[in-house]
Amino acid sequence: MAKTESPVHVRMIEETPAYWRVVFDYPPFNIVDASIFEALQDLLARMDTSPSLRVVVFESANPEFYLAHFDLTGKIGNIMTAVGLRASRFCWIRSCVSPSLRWSASRRSGAVFRGVSSEFVLACDMRFASRENTRLGQPEVGVGLHPGGGGAERLPHLVGRGRALEIVLSANDFDGDTAERYGYVNRAFPDAELDGFVDVLARRIASFDRRAIAAAKNLVNQVSLPSADRLLDAITSFETALTWPEAQQRIQNVLQRGLQRDSDFETRWPEVLGSLLET
């Protein structure tokens with residue numbers, strides 16, 4: 001098996017020329033900051049120049065966190081300033097509408113998918129989760145923001161309007177069974193069965209002709225994906241929301257309580273959002 005590494009926090013493992021695994025490995029929580037965005041830009045460029053590639057499976061080296069959420073501190077390397085506003089928008093939209101087959105599934109799937117991490121897996125073609133170890137959610141409203149990376153644009157198509165509003169407005173976590181029932185993920189498996197299923201399915205699809213895969217996916221995309229303009233509008237609105245004083249107050253509150261520092265709090269912080277500003 002050949003292994004090729006892009007920037008250290010996002011490793012690419014070439015199972016076959018047609019089937020890649022991409023591993024997020026950014027301790028302690030896989031926070032989405034400039035390092036992740038830069039690595040994704042490099043990865044997308046490599047995907048674009050790999051004519052034999054059919055399938056990419058995204059996973060995490062961290063058994064607790066897939067990608068935790070957007071960096072709210074600015075100290076680790078704020079996305080907008082470090083890679084540039086236009087570059088970050090372009091990278092995120094390309095990751096959401098790239099023509100390559102992209103899945104969110106793994107051999108060691110991190111348990112937590114929140115905010116921009118949830119939006120990343122929503123942008124993938126398929127999602128497979130562990131029944132025992134999954135927490136999916138869009139907690140932005142609970143910190144005074146709103147989804148800005150495609151969550152509001154994709155969820156209604158997958159789960160329906162009412163359930164999309166429940167997910168977004170509750171700002172809470174959803175387990176693997178509920179996510180499967182709602183359509184948030186394709187399927188939820190017992191943890192011991194997840195890796196094997198994804199690997200078999202990935203290798204099966206990778207064995208098919210690239211032209212047939214691309215044509216079939218293009219037809220499905222035409223009736224199921226939001227436009228790049230709608231995604232850009234959401235990102236722009238999210239950037240504005242980050243400047244709202246109410247959002248800044250709530251963000252500072254969760255950071256002071258231990259977000260991005262304390263492992264236990266990072267695991268459970270949506271639980272406190274309903275009483276965040278109570279004294």
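Okay, let's start with a helix contact: Glu-153, Arg-154 and His-157 in α5 meet Arg-230, Leu-231 and Ala-234 in α10. Sorted by class, that contact of α5 with α10 has two nonpolar residues, one polar and three charged. Before I go on, keep in mind that this is a predicted model.

So how do those two helices cross? α5 covers residues 151-159 and α10 covers residues 228-241, and their axes come within 9 Å and cross at roughly 125°. Angles over 145 would count as roughly antiparallel, and 65 to 115 as roughly perpendicular, so α5 and α10 end up oblique to each other.

As background, most residues other than glycine have a negative phi, and most peptide bonds are trans. Now look at the loop between β3 (19-24) and α1 (34-48), where you'll find Pro-28. The peptide bond running from Pro-27 to Pro-28 is cis, and its omega is near 5°. That loop between β3 and α1 also holds Asn-30. Asn-30 isn't a glycine, yet its phi is positive, about 55°. Is Asn-30 buried or exposed? Its relative accessibility is 1%, so Asn-30 counts as buried.

Now hop over to the loop between α6 (161-170) and α7 (176-182), which is where Ala-171 is found. Here's another residue that is not a glycine but has a positive phi, again about 55° for Ala-171. Ala-171 is buried too, with a relative accessible area of 3%.

Last topic: aromatics. How many aromatic pairs does the structure hold? There are 11 aromatic pairs. Take Phe-174 and Tyr-182: their ring centres sit 6.0 Å apart and their planes are at 45°, so we call this pair tilted. Phe-174 and Tyr-182 are both buried. Another tilted pair is Phe-189 with Phe-197, at 4.5 Å centre to centre and 35° between the planes. Buried means under 20% relative accessible area. Phe-189, at 10% relative accessibility, therefore counts as buried, while Phe-197, at 22%, counts as partly exposed.

And which residues form one aromatic cluster? Those are Phe-24, Phe-58, Tyr-66, Phe-113 and Phe-120.

Technical notes
Residues are numbered from 1 along each chain as its sequence is written. This is a predicted model: local features need pLDDT of at least 70, side-chain atom pairs count only at pLDDT 80 or more; totals for chains, interfaces and linings use all residues. Side-chain values use heavy atoms; hydrogens and water are left out. Axes are lines fitted to C-alpha atoms, for helices over the stretch in contact, and angles run from 0 to 180 degrees between N-to-C directions. Helices (H or I, at least four residues) and strands (E, at least two) are DSSP runs, numbered from the N terminus. Angles under 35 degrees count as roughly parallel, over 145 as roughly antiparallel, 65 to 115 as roughly perpendicular and the rest as oblique. Contact means heavy atoms within 4.5 Å. Ala, Val, Leu, Ile, Met, Phe, Trp, Tyr, Cys and Pro count as nonpolar, Asp, Glu, Lys and Arg as charged, and the others, Gly among them, as polar. Buried means under 20% relative accessible area, exposed over 50%, partly exposed in between (1.4 Å probe, protein chains only). Rings of Phe, Tyr and Trp (its six-membered ring) pair if their centres lie within 6.5 Å; planes under 30 degrees apart count as stacked, over 60 as edge-to-face and the rest as tilted.
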